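Biologist: Could you walk me through this model, since I am new to it?
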Amino acid sequence: MPWFRVVFNAGELAEDERQTVLAVEAALNRIAFVAEAAGMQSDRPGLVSSFNDEQIDALVAHMMKNWNEHAGFVDYMVKAPNPYRSVYGVHAPENGAWDILTQFKNTCDGLQLPFRLDTSAEAYPQTGDMAISFNVPEPVLFSAVSLNAVRSGDNVDGGEWVNCESRRDVWASTYALRLAGLLTYVGFGASDAITDITVIGRRGNAHGSAVFSLKFDRVGFYFDVLPLYHNGRFNADEFDSNPQRLITLLQPVETHVSFNEQGGFIADPQARVPQALLDLRKPLREDVRELADNMKALLRADRVCELDVSNDLTYTVEDIQAIVRDNADSLVTAMLELESAQMQLTKEQPMMSMIRQPLYCDREALRLLVSQAEGGEATRYRKIGGALAAVYAELARIYYKLGRSNEAFLDLRKLQQMSPTSIQSYVEETMAYLTGDEPQFNRAIDAITLALSIAVVPEEVAFLYCTFGTVLTATGDKNAALSCYLMASTVGHTTEFSDVARESAEALLSGTEDLMPTRAQTIKALRDEGIPVAPTQDNMQCLTTAVMMLTDAGVPLAAFDGVGLLAAYSGEDTMLWLCNALRLGAGEEKE
């Protein structure tokens, strides 16, 4: 059955407005459920109006409490293959954290619940721990009226509609507790390696403030609780106004939950993610855990802290940009101040060694691609702050404007050496070649080609292809330019260059009878021209391998950014969800 899902920008709505939108969404889904039931009546015209009040009330009640059917769906999904174990031809190990989390999300997406479900999770199968967080539906989402009638199962005997707004609090609580047990089954069903699950209900969304938490052990849940989902015990009306009895039925091994007089939740400050999972979320620079041998070879690092890319120098990138901005009317003054900053930043760097090579990455994902650079498995790096890289880039621009091109390109070569997975130096080089009265198109093409061979960030890939298209148009190679513009317009899900690239491609075809090439035709044309197809398969497989390894090793803060890039290219909700789950886990998002 298709469910209604209202699309809106949560950041533009106040919380009460957001809840109103979700309440309308829930009401539409109740109507859709009844409409589907009407369509399944072989002896009726298939209209909602063909049901009387008693039948509609019974159908809505069934929709709200068909937990045995939800459990049956999870039974099926437990045995189904996980489509997200294989990405870019790289296969994640079975029962690793990647497999568990993506299977959990995939199963949750298939549940047909009366209210929107927002989840997050973290898992560490090495210790058997998992934490799941989800949004507790607000009372306003529940129906404000109910039929005051005698109900036996799905049968209703007479009655009249009555206001029941005072019961919404307890209905929200009992629904959330039943859902907590169901999500526990989804978590345990994702892998036999999970032995303990903590479920945390949160306000608003999966990373809102904690309301309650329940902890379950696998054996007790499967023996004592799951059968009650399957036999329909959790559907019983008797629990609708008694959340404490539901907790008794759920039999958690640890409970942090409180209720007010109306049966609604009172936030419990003890509801939190288990410490064993929190320990995996230390800031990267403080995490001294040793990496496994296969990860050492791939990431060219021995400990987790070596994957940190944050800046910890005297100057920041913003400071360097401010120097240029404040001295916009005097290139010489800007140059002198930048050279002074360069000397200071260089002093702050550790001594160069053959083992520890300088490395700058402006985001975590690029740190995972170092095996694509020069060197070998024994190569190790020392972190270079973004401020120093910015100095080299800004000085190169100024040197070139002052006619000191040799010094400009020398600084760009240094920048390339310290940032082998970044396109910044190649972009600066390209712009230098295109500046002036006599642009050096061939050299610009060489620089863009090198940049495309390492580019993985969608916005950067699209920018490079747009620039390539502009250069090729200027040289008269309109066919190759068309291919570049089309590639720029179809990079990832969408980028800020998608529209302008599409318009440029249409402009090249205007006045001709040629049809717009397909993406497959475009890729073939690029390869025929010797232009790299970015991101390259090698780069994406390297990135995928790294994020899968880090996820399974319990290093989520080094993996989430790379997963974000995978999500940008695939457009898959599961990949975007996994990125956020790795970044925040089942915890609260702090402002």
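Modeller: Helices (H or I, at least four residues) and strands (E, at least two) are DSSP runs, numbered from the N terminus. This is a predicted model, where local features need pLDDT of at least 70, side-chain atom pairs count only at pLDDT 80 or more, and totals for chains, interfaces and linings use all residues. Residues are numbered from 1 along each chain as its sequence is written, and side-chain values use heavy atoms, with hydrogens and water left out.

Biologist: OK, where is L402 then?

Modeller: L402 sits in the loop between helix 13 (386-401) and helix 14 (405-418).

Biologist: Switching topic, which peptide bond is cis?

Modeller: The bond from A534 to P535 is cis, with omega near -5°, and P535 belongs to the loop between helix 20 (519-529) and helix 21 (537-552).

Biologist: What about phi of N95?

Modeller: Phi of N95 is near 70°, which is a positive value in a residue other than glycine. N95 lies in the loop between strand 2 (90-91) and helix 4 (97-110), and N95 counts as partly exposed because its relative accessibility is 31%.

Biologist: And what is phi of R300?

Modeller: R300, also a residue other than glycine, has a positive phi near 50°. R300 is placed in the loop between helix 9 (293-299) and helix 10 (317-326), and at 4% relative accessibility R300 counts as buried.

Terms used. Buried < 20%, exposed > 50% of the residue type's maximum accessible area, 1.4 Å probe, protein only.
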